[in-house]
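Thanks for making the time, everyone.

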Amino acid sequence: MGGAVSAGEDNDHLVDNLKDAHYIKSGTVEKVFRAVDRSDYYLDGHKENAYKDLAWKHGNIHLSAPCIYSEVMESLKLEPGLSFLNLGSGTGYLSTMAGLMLGGTGINHGIEIHQDVIDYAQERLQYFLKDAYGFDQFEFAEPKFTQGNSLLLSSGCRSYDRVYCGAACPPEHENYMKNLLKLGGILVMPLDDQVRLSL
């Protein structure tokens, strides 16, 4: 998926293109996309495609296309103080943007199956906390990443206001994912090459 938006020259240009194509609709989502530079989540030597509307994968490290992330962020309807679970949290790019929207009182958890990806996400998070431009404009729910299989969570795990399943998930597990939601919560997950919203 991806390729729906023309390539940007830098992060701001990419965000402008996502807005022009109506993937980014709200001012809050625009602000967090501008605050978290997509290229910071690419490995050195692989950044030439960071501002293109394309997914990227290297080993276990993966980023979805920017148009997908913008649809996900708009669909989650994140607000300060909510709890968020990112299943298949990967590089931490989406979790970092979510943390800016959740503010200082939010809960921001990620589950990732690959330890090397968690290590990379922690490294990228530390870089963001230390060097990111514009970070001081936000309160931040820092992501907490845990290694695990999203389909094998204990029945006693907490429930969340918002859940995103970015990991490969068969359609028959949609109801399992809904069990992770609080009453009135929102689940966003890809099904059949489309971002699907469940309430």
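Predicted model: local features only at pLDDT ≥ 70, side-chain atom pairs only at ≥ 80, totals over all residues.

Let me start with a question: is cysteine 67 buried or exposed? Cysteine 67 is buried, with a relative accessible area of 4%, where buried means under 20% relative accessible area, exposed over 50%, and partly exposed in between, using a 1.4 Å probe and protein chains only. Residues are numbered from 1 along each chain as its sequence is written, and side-chain values use heavy atoms, with hydrogens and water left out.

Cysteine 165 is buried too, at a relative accessible area of 1%. The structure holds 0 disulfides, a disulfide being a pair of cysteine sulfur atoms within 2.5 Å.

Now to the fold. The protein has 6 helices and 8 strands, taken as DSSP runs numbered from the N terminus, with helices being H or I of at least four residues and strands E of at least two. Of the 199 residues in the protein, 50% are buried.

Cysteine 165 in E6 is the bridge partner of leucine 87.

Turning to the rings, there are 4 aromatic pairs, counted when ring centres of Phe, Tyr and Trp (its six-membered ring) lie within 6.5 Å, with planes under 30 degrees apart called stacked, over 60 edge-to-face, and the rest tilted. One of them joins tyrosine 69 and tyrosine 93 in an edge-to-face arrangement, 5.2 Å centre to centre with 70° between the planes. This pair links distant parts of the chain, since tyrosine 69 belongs to helix H3 (residues 66-76) and tyrosine 93 to helix H4 (residues 93-102), 24 residues apart. Both tyrosine 69 and tyrosine 93 are buried, and Tyr41, Tyr69 and Tyr93 form one aromatic cluster.

Finally, arginine 158 lies over the face of tyrosine 160, at 5.0 Å from the ring centre, by the rule that NZ of Lys or CZ of Arg is within 6 Å of the ring centre and within 35 degrees of the ring normal.

Key: Pairing = 2+ DSSP bridges.
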